[in-house]
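Let's take a friendly tour of the open spaces in a protein model. Have a look at the structure first, then read on.

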Amino acid sequence: MTVREKGCAMNAAPKTLRRLSDLREAGLAPADKRAALERVAAQYAVAITPAMTELIDRADPRDPIARQFVPDAAELGVRPEETSDPIGDRAHSPVAGIVHRYPDRVLLKLTPLCAVYCRFCFRRAMIGPGVKPLTPSALGAALAYVAAHPEIWEVILTGGDPLVLSARRLGQAISRLAAIDHVKVIRLHTRVPVADPARVTPELLRALKASGKATYVVLHANHARELTAAAREACARIVDAGIPMLSQSVLLDGVNDDPQALGALMRALVECRIKPYYLHHGDLAPGTAHLRTSIEHGQKLVRELRGRLSGLCQPSYVLDIPGGYGKSPIGPNYLTRDEAGGYRIEDFNGDLHCYPPPT
Ligand code: SF4
């Protein structure tokens with residue numbers, strides 16, 4: 001190797017970590033855990049982008065970024081209640097790529113690939129480079145299904161992560177959806193603005209917009225540290241292009257399951273002009289029990305958010321009912337009936353007040 005080549009190698013751009021050897025080199029695979037991590041990586045996809053790798057504090061054994069992306073031997077322990085399809089996608093999939101669970105909207109899974117692979121992902125058994133992508137003819141059949149169902153008002157592009165597709169391919173899919181008259185809203189669920197902010201280019205923004213249709217981008221972020229300066233700029237480019245942003249977060253043990261971490265995340269999102277939308281209770285995906293909290297703990301956290309933070313910072317705490325029955329809100333209840341037929345309503349300090357019965 002010449003001096004010049006050596007210099008090139010030393011200055012090589014940081015890469016996405018995909019193999020256990022990459023994790024070893026990056027100091028993210030302890031020697032005593034390697035055999036177990038090999039088994040985890042053989043089962044579930046691994047990818048940690050440079051933007052996320054840079055955020056990991058290796059001195060912290062419970063670093064909230066590492067907990068989300070670095071494989072853990074605990075993933076090998078599968079509980080009886082955990083399944084490969086915890087929210088019942090398959091039961092509602094009339095054609096490949098489509099999930100039609102609710103009357104007025106469908107999911108369209110354009111790609112099984114993601115920029116990063118989250119260790120708690122509820123679709124972890126259905127995504128990754130080992131899963132076959134939607135073929136052009138399957139995409140045609142999925143679009144034909146949407147066109148044949150006039151009740152479908154909204155199409156949610158998910159995956160995988162639709163923003164890993166090239167602007168050209170994504171733009172083509174969005175244009176074909178936009179040509180269906182009854183589809184009025186196109187929503188994209190993505191991790192890309194935080195995981196790989198440089199992908200949010202002017203070409204991608206042009207691809208997201210469809211004349212006469214509303215496009216929404218829903219960012220998946222779980223810790224305030226994910227909203228780096230580059231991520232905030234990427235989100236600003238989306239919002240400045242006229243595309244409203246919402247967020248979804250997953251309640252995760254050791255990541256955001258304390259009032260300070262959860263509050264800081266919600267505030268960071270609102271500062272980026274992103275309205276917190278959903279806080280998901282962890283789904284029963286295989287090998288993810290170590291990242292789930294109890295529902296009671298989630299309700300306590302949500303109650304504390306309501307007391308301390310602006311109304312803009314309040315997501316809806318939801319659970320996807322196992323088996324495919326859809327999402328239900330599981331936040332705390334502030335209203336009860338009293339003996340006189342009226343109500344007791346709890347304020348943000350926990351004090352109860354009376355509200356009269358209907359006259
Ligand atoms: S980005 Fe979304 S689909 Fe991809 S691994 Fe994470 S949670 Fe799953």
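The largest pocket holds about 780 Å³ of space. A pocket here is an open set of points on a 1 Å grid over the protein atoms alone where a 1.4 Å probe fits, with protein on both sides within 12 Å along at least five of seven lines; its volume is the space filled by probe spheres set on the points, which are joined across faces, edges and corners. The model is predicted, and while local features need pLDDT of at least 70 and side-chain atom pairs 80 or more, totals for chains, interfaces and linings use all residues. Residues are numbered from 1 along each chain as its sequence is written, and side-chain values use heavy atoms, without hydrogens and water.

**Largest pocket**
- Its lining has 39 residues, with F122, R123, T158, H189 and Q248 nearest the centre; lining residues have an atom within 4 Å of a point.
- The lining divides into 19 nonpolar, 10 polar and 10 charged residues (nonpolar: Ala, Val, Leu, Ile, Met, Phe, Trp, Tyr, Cys and Pro; charged: Asp, Glu, Lys and Arg; polar: the others, Gly among them).

**Ligand**
- Where does the ligand sit? The ligand takes up the space of the largest pocket (more than half of its atoms lie within 2 Å of the grid points).
- Around the ligand are C114, V116, Y117, C118, C121, I127, G160, R191 and H220, each with a heavy atom within 4 Å of it.
- This shell has six nonpolar, two polar and one charged residue.

**Second largest pocket**
- About 470 Å³ of space lies here.
- Its lining has 22 residues, and P30, P61, V70, P71 and D72 are the closest to its centre.
- By class, 11 of the lining residues are nonpolar, two polar and nine charged.
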